[in-house]
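Some labels attached to a model deserve a check against their cut-offs. The questions below do that.

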Amino acid sequence: MKTIAIFGSTGSIGRQSLEVIEKSEDFRVIFLTAHKNQELLNEQSEKFNSEQYLGDLNARIISEVVKKADIIINAIPGFNGIYVSLEALKNGKILLSGNKESLAVAGKFLIEIAKDNGGEIRPLDSEASAIWQLLNDYKEDVSSITLTCSGGPFFGKKKQDLEFVTINEALKHPTWKMGPKVSLDSATLVNKVLEVFEIKNLFNLDISKINIVIHRQSVVHSMVHTKTGATKMQISRNDMRLPIFYALNWPEKKEYPWPPLRIRKSELNFAPADKDTFLPLKWLALHGANPNFPVILNAANDVAVAKFLAGEIKFLEIYDIIETALSKWILEVPIHDLTGLIEFHNKISNECCNNSSGRKIHTSKAR
Ligand SMILES: NC(=O)c1ccc[n+]([C@@H]2O[C@H](COP(=O)([O-])OP(=O)(O)OC[C@H]3O[C@@H](n4cnc5c(N)ncnc54)[C@H](OP(=O)(O)O)[C@@H]3O)[C@@H](O)[C@H]2O)c1
């Protein structure tokens, strides 16, 4: 029986991980952490008979928790989730990473640390998981990848339509129920660009081989195009329990305890993405080959998201903050070590935080 610690157990990924674990006799939850939701954390730790920690994470608590478990589930949003992943991999643990920000920005370093210490990274993100599943099943050489994208709540809108959108509108994802950070990233499409780098790093692919296509139904979670000319798709319900189940049980292929997606009558629709409205796609085309791009995009975005969710800036000002950061830092000398990368992230983050951008606006807050 393997022991599990979940960082961020009260969030969307954390709660669904517990639902998956509950269906199996192979795992025992020994530690759960949350930030503020004491009530749910108490309920969970009582149910699973686990230890718990509530509050801001620090190096001591991360290290103590990681040492206790065989499997670490990282369900913390934002770049700060990297400290959980780092500690897990340095200690040779199996890391199930929902945290895509660290994989997108520092995946190359995390993979090296995993290799050096006998650790392992298994992705939870549905698109990264889809590609992982496809690569595990089909051994043909991959010629390229198509990443599907729901388009978020503002698909079909033009830039001028987004001027006054509220927090609630931005968090209303059409097909997934997720935490506020990733929901907002799906509305701006920063999320999709982070996924491009997450997948580049995890599967050692050139970004020129990763295409993005809009797929509103969110049942095709990605596609792999093989050198033999076939396109393989991973199709399943839009339910994060599937990638969590797959990652937890890997390399065993256990029987999924929930019903599969059975398509009786449906059409699968795909459409090109609108780069003029959703600027992260334009920046990807412009700067994607620059090694500084993912760290700048992600650091500025983490700050911009916090400001938007606090009602301090308007939706389009998220793009302004990121564009200002890109123009300031994109030509910096590329960084070749993890310490330098974290310092670079912190520098961008501090400057973006200190810049008083946007006027105070009052919008209804979600959650
Ligand atoms: N949700 C999805 O379907 C989905 C899909 C793909 C990838 N992901 C990725 O998975 C990660 C988690 O997403 P989520 O949607 O599960 O987020 P979420 O619902 O917002 O949950 C975040 C969890 O982390 C805790 N937390 C937040 N800030 C913290 C802090 N500063 N210190 C300590 N704990 C903190 C929260 O505790 P409280 O509840 O106490 O605040 C909660 O348990 C993100 O990187 C996201 O991109 C999520």
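What follows is a set of questions and answers on the labels used here. This is a predicted model, in which local features need pLDDT of at least 70, side-chain atom pairs count only at pLDDT 80 or more, and totals for chains, interfaces and linings use all residues. Residues are numbered from 1 along each chain as its sequence is written.

Q: Why is N49 called exposed?
A: A residue is exposed if 12 or fewer other C-beta atoms, placed from the backbone, lie within 10 Å of its own, buried if 20 or more do, and partly exposed in between. N49 has 9 such neighbours inside 10 Å, so N49 counts as exposed.

Q: Why is L189 called buried?
A: L189 has 26 C-beta neighbours inside 10 Å and therefore counts as buried. L189 lies in the loop between α8 (180-188) and α9 (190-203); helices are DSSP runs of H or I with at least four residues, strands are runs of E with at least two, and both are numbered from the N terminus.

Q: What makes the peptide bond between W250 and P251 cis?
A: Omega is about 5 degrees there. P251 lies in the loop between α10 (241-249) and α11 (279-287).

Q: Which residues are closest to the ligand?
A: G8, G11, G98, M178 and G179 are the closest of the 29 residues surrounding the ligand, where near means a C-beta atom, placed from the backbone, within 6 Å.
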